[in-house]
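Dear colleague,

My notes on one helix and on the charged pairs follow it.

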Amino acid sequence: MARTGAEWRNWSGGVRARPARVAAPATTAEVADAVKSAARDGLRVKPVGSGHSFTSIAATDGVQLRLDGLDTVSSVDPATGLVTVGGGISLHRLGPVLASHGLAMENLGDIDRQTITGAISTGTHGTGAAFGGIATQVRGLELVLADGSVVHCDAHERPELFAAARVGLGALGVITAVTLQCVPAFALYGVEEPLPLDEVLDDIDALADGYDHWEFFWFPHSRTALTKRHTRLPADTALRPVGAVRHLVDDELLSNVTLGALMRVGTAFPRTIPALTRFASRALSRREYTDLSHKVYTSRRAVRFFEGEYAVPREHAAEVLREISRWVDAHDEKISFPLEVRYVAADDIPLAPTYERDSVYIAFHQYHRMPYRRFFDAMEDILGAVGGRPHWGKLHRLDAEALRGLYPRFDEFTALRAELDPSGLFTNDYLDRVLGRP
């Protein structure tokens, strides 16, 4: 049932939209009806998930499709690991469901609030030099196209659509169901440890290749990196999760409550930010734990921020991080949030930032009440200088002309878009900028 749209905001609060109407379909047929109705009324259509993209990729002044009702798990095959779910299911709900069947997703990002459709459509990823982004786990898709037809695609049926739609930006159709290749459930042994930044940069390749999943955070006004290394273990390994008290102190009080308080102080008194971030980098100490994968991969993020992120060829990781450090030292820019550094394997998905190259994702953040434009522009200059490709759900300034030079199959994707959606039913201002008008 459709209703008049009230103002919609994304998670960070940086994007607002007022759709002409909102539809909340609960079935694929209802999605198709909403698409056909919008086309008849001359309205554009955008599905929306959790709103965790920092760009306006999901904003619309037409019909907003809220896919929360498409959150079912329609089939689970423990023998093959193939699981088909509704396009609106959230990652945080999916993890426990898979675990109950003895399965898990091969890799996840550090936030699980996204819907599966939003996560794959924007190229969301985790970390691990041998593992691809979440979209590489997709084995089949069901989509509603601009003419209201419902199609299925996989590696054998409509393979050109399947190749593109795994990271499709919502430009090709509305994804209503996703078939995932899951793996047997497993545990992760984790060690979180602060280390000197220079030591980490000197050994960065050995560290990335030495563990199944490795990443680190770095507050730019400090010389300390908070490293996280995870080793995969059988699911029947004795679990030793973070204790309740340690979880409360580290993950809630320090990572959310205290960090939020520090950000508010820094906003009121910007010159205190370097000291505050150095304090934050020293506050977390070494810890070890073993728990099921979906509990280890992700963290709760209660403090709101803006974020940009680029995937750069992995051989440039230490080089660009040292350049970022030099830029911070040379400028009076108060940066209140850490950078996050993660490794992802190459894939064959046309618009994945990791297309045909092993990559390092470098994410840069700023508290949502602080100015960020000069810092983000500088990061884009540094990361772009080595051929970095922006995450589609994170803030960036590139347009279709610039992006065409970064993606060998860019024109192939836009040609398919023009074929499937010649009238631009699924477009919006963001897609017009990054893909050009259909």
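The cover over the buried residues of helix H2 includes strands S8 (82-86), S9 (103-104) and S12 (174-181), together with helices H3 (116-121) and H9 (293-297). Please note that the model is a predicted one. The buried residues of H2, which spans residues 91-100, are Leu91, Leu94, Gly95 and Leu98. They lie on the same side of H2, because the arc they cover around the axis is only 105°. Just after this helix, Gly102 adopts a positive phi of about 75°.

Turning to charged pairs, the count of salt bridges comes to 29. Three of these may be of interest to you.

Arg44 pairs with Asp61, with the closest N and O atoms 3.6 Å apart.

Arg229 and Glu193 form a salt bridge at 3.0 Å, N to O. It links strand S16 (residues 224-234) to strand S14 (residues 186-196), the two residues being 36 apart. Both Arg229 and Glu193 are buried.

Asp202 and Arg322 approach to 2.7 Å between their closest N and O atoms. Asp202 is exposed, at 56% relative accessible area, whereas Arg322 is partly exposed, at 31%.

Finally, salt bridges with shared partners connect Asp110, Glu307, Glu309, Glu340, Arg342 and Lys394 in one network.

Yours sincerely

Conventions
Residues are numbered from 1 along each chain as its sequence is written. This is a predicted model: local features need pLDDT of at least 70, side-chain atom pairs count only at pLDDT 80 or more; totals for chains, interfaces and linings use all residues. Side-chain values use heavy atoms; hydrogens and water are left out. Buried means under 20% relative accessible area, exposed over 50%, partly exposed in between (1.4 Å probe, protein chains only). Helices (H or I, at least four residues) and strands (E, at least two) are DSSP runs, numbered from the N terminus. The arc is that of the directions from the helix axis to the C-beta atoms. Contact means heavy atoms within 4.5 Å. A salt bridge is a side-chain nitrogen of Lys or Arg within 4 Å of a carboxyl oxygen of Asp or Glu.
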